[in-house]
Amino acid sequence: MTPSKKQRPGPLPGTFVLDSEGLSKAVAHDDAVVDLLAAAHRHDIPVVISSATLVEAIHPKINRRAVDWRLSMLSVEPVTEQVALDATELLADAGKHGHSHAIDAMVCATAIASPKPVRVLTSDPDDITALAGEHVSVIAV
């Protein structure tokens, strides 16, 4: 009789979505964020970001090599016409508008379109909750 092999469980459902602060903290090796991403990896949970997040998070002082390394482990989702239209609806439903909420709305539209359950790692839990409501769980980072 051969000993039974412990099988690795299949992938857990759902998605992690990073906003710009989530990405910035991952790049800076913030312990809490790195631990969450490692757990996602262990359980085959995809980690995604909106392509709009790159515009907000990448700046001249950020370590570009670290960004590129982190991005190699993420799925960067495009802001399609449908995502943009969904984002405008989220803004209208939340009574928000303007450039100060636009990227958050695109992040939320990307999150809502992702496999459920969705967890958004954000430094702005109030705005993400106002925009995405019950469609996502918010993890403050």
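Q: Let's start with α6. Which residues in α6 are buried?
A: His-101, Asp-104, Ala-105, Met-106, Val-107, Cys-108, Ala-109, Thr-110 and Ala-111 are buried in α6. Buried means under 20% relative accessible area, exposed means over 50%, and partly exposed is in between, using a 1.4 Å probe and protein chains only. Helices are DSSP runs of H or I with at least four residues, strands are runs of E with at least two, and both are numbered from the N terminus.

Q: What kind of model is it, and how are residues numbered?
A: It's a predicted model, where local features need pLDDT of at least 70, side-chain atom pairs count only at pLDDT 80 or more, and totals for chains, interfaces and linings use all residues. Residues are numbered from 1 along each chain as its sequence is written, and side-chain values use heavy atoms, with hydrogens and water left out.

Q: Back to α6, then. How does the span of α6 agree with 1.5 Å a residue?
A: The 14 residues of α6 should span 20 Å, and its end C-alpha atoms are 20 Å apart, which agrees. The expected span is 1.5 Å times one less than the number of residues.

Q: And Thr-110, what does it touch?
A: Leaving aside neighbours within four places in sequence, Thr-110 is in contact with Ser-50, Glu-77 and Val-83. Contact means heavy atoms within 4.5 Å. Thr-110 counts as buried because its relative accessibility is 5%.

Q: What about Gln-82, buried or partly exposed?
A: Gln-82, which is in helix α5, is partly exposed, with a relative accessible area of 48%. Its C-alpha atom is separated by 9.8 Å from that of Thr-110, 28 residues apart along the chain.

Q: OK, cores. How many residues does the largest nonpolar core have?
A: It has 19 residues, and those with the most contacts inside it are Val-17, Cys-108, Ala-111, Val-118, Val-120, Leu-131 and Val-136. A nonpolar core is a set of buried Ala, Val, Leu, Ile, Met, Phe, Trp, Tyr and Cys residues joined through side-chain atoms within 4.5 Å.

Q: Which elements give two or more residues to this core?
A: α5 (81-94), α6 (99-112), β4 (118-122) and α7 (125-132) do. The largest share, six residues, comes from α6. Apart from this core lies another, of 18 residues, with Phe-16, Ala-40, Ile-62 and Leu-71 among them.

Q: New topic: in what order do the strands sit in the sheet?
A: Five strands form an open sheet in the order β3-β2-β1-β4-β5, with parallel pairing. Two strands pair if DSSP finds at least two bridges between them. The edge strands, β3 (75-77) and β5 (137-140), each pair on one side only.

Q: What lies across it?
A: Helix α2 (residues 31-42) lies across β1 (15-18), β2, β4 and β5, running at about 150 degrees to β1. Axes are lines fitted to C-alpha atoms, for helices over the stretch in contact, and angles run from 0 to 180 degrees between N-to-C directions.

Q: Which residues of α2 are buried?
A: Val-33, Leu-37 and Ala-40 are. They cover an arc of only 55 degrees around the axis, which puts them on the same side of α2. That arc is taken over the directions from the helix axis to the C-beta atoms. On the other side of α2, Asp-31 and Asp-35 are exposed.
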